[in-house]
Amino acid sequence: MITPPSAEARREAGERLGALAVPAGALGRLGELGVWLAACQGQVPPAAPSNVRLAVFAGDHGVATHGVSAYPAAVTGAMLGVVAQGRSGVDALARAHGVHVRLVDVGVDHESGHALHVRRGSGAIHLEDALTHAETLQALEVGAAVAREEIAAGADLLLSGDLGIGNTTPAAALVAAGLGVPAEQVVGRGTGVDDAGLARKTAVVEQALQRAGARADDPVDCLTALGSADLAAAAGYVREAARAGVPVLLDGLMAVACALTAERLEPGVAAWCAAGHRSTEPGQSLALEKLGLEPLLDLGLRLGEGSGAVAAVPLVRAAAALLGEVALLAEVLPPDA
Ligand SMILES: O=C(O)c1ccc[n+]([C@@H]2O[C@H](COP(=O)([O-])O)[C@@H](O)[C@H]2O)c1
Ligand SMILES: Cc1cc2nc[nH]c2cc1C
């Protein structure tokens, strides 16, 4: 169901890039980014994205009370308020770069009364399933609906972000399951756990993978056993964007784990994605490698909220400007040069 970005526009953009009045290859990754954008838009030169929209998927996680985070679960609800007030880290970045922020409370542990709220917190994955099968399908559809609404609002670039204490644990489990690697390769320090916390977190992911068993081979079962409502929604969001042919800029571990899961659900998603930044989480780098994506920024960011994607938006616009505005060498060289 996913149509790839235009091969014709990619070829034409590559030719234009090679013909610009710059030394061959001198635009490096910005050149590649412009070619990707042109392929996604099906036009050369590509337009600079002007309606960039971020969805931040929020939820609580049962593992948060099992010593896997440096912060208490109560921070999730508190930060929900901070984002809503426009005073979070990502809000500041989004204002700086003209990005629209939408907070989607899919699974925070409170009564939200909102139609997009799937449940109050997700299960502690080492002890129980995160979700029921029906909740997984519901959360995937919540994410898809959010993508459709943002596209209807005119989005020409969608960003995926996350919020939720403990969420790096299920996200690491999704990456381990998706890549078939052991817990210790994907687990990182998240909000900053110490060595004992890192060991507990690794044991939780290992136990969760053991508990899931062969269900880890199926992406929907993976979200049910090892994920969460907010992560399933983020996977549904990126899959829907790819189905609609709208490019996506990914953030840190959660966004990338969900893109990996979406690619498993429906191959072809990754071609519509670019990676905004390299997170400090090792699982994010491994998943990006599997998806064939090289992150644009490497700033040591580990905030989440979509911050690394928003920080990379100026680079996407810069790539479009370069392909669109730089002279062609053939126009400016004297005929005898
Ligand atoms: O984006 C990332 O790669 C990232 C890395 C570390 C932490 N975070 C953020 O921190 C929270 C999860 O960290 P933790 O330690 O509670 O699992 C959650 O709200 C994420 O947005 C995000
Ligand atoms: C303060 C705080 C802000 C966050 N934003 C995303 N994850 C977070 C985790 C904490 C602890």
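This is a predicted model: local features need pLDDT of at least 70, side-chain atom pairs count only at pLDDT 80 or more; totals for chains, interfaces and linings use all residues.

Residues are numbered from 1 along each chain as its sequence is written, while chains are lettered from A and ligands numbered from 1 in the order in which they are written.

**Exercise 1.** Compare the radius of gyration of the chain with that of a compact globule.

Solution. Start with the rule: 2.2 Å times the number of residues to the power 0.38, with the radius taken over C-alpha atoms. For 337 residues this gives a value near 20 Å, and the chain agrees because its own radius of gyration is 20 Å.

**Exercise 2.** Is aspartate 109 buried or partly exposed?

Solution. First recall the cut-offs: 20 or more other C-beta atoms (placed from the backbone) within 10 Å means buried, 12 or fewer exposed, in between partly exposed. Aspartate 109 has 19 C-beta neighbours inside 10 Å, so the residue counts as partly exposed. For comparison, 55% of the 337 residues count as buried.

**Exercise 3.** Sort the shell around ligand 1 by residue class.

Solution. A residue belongs here if its C-beta atom, placed from the backbone, lies within 6 Å of the ligand. There are 23 such residues, and Ser69, Gly190, Gly252, Ser279 and Gly304 come nearest. Sorting gives six nonpolar, twelve polar and five charged residues, with Gly counted as polar.
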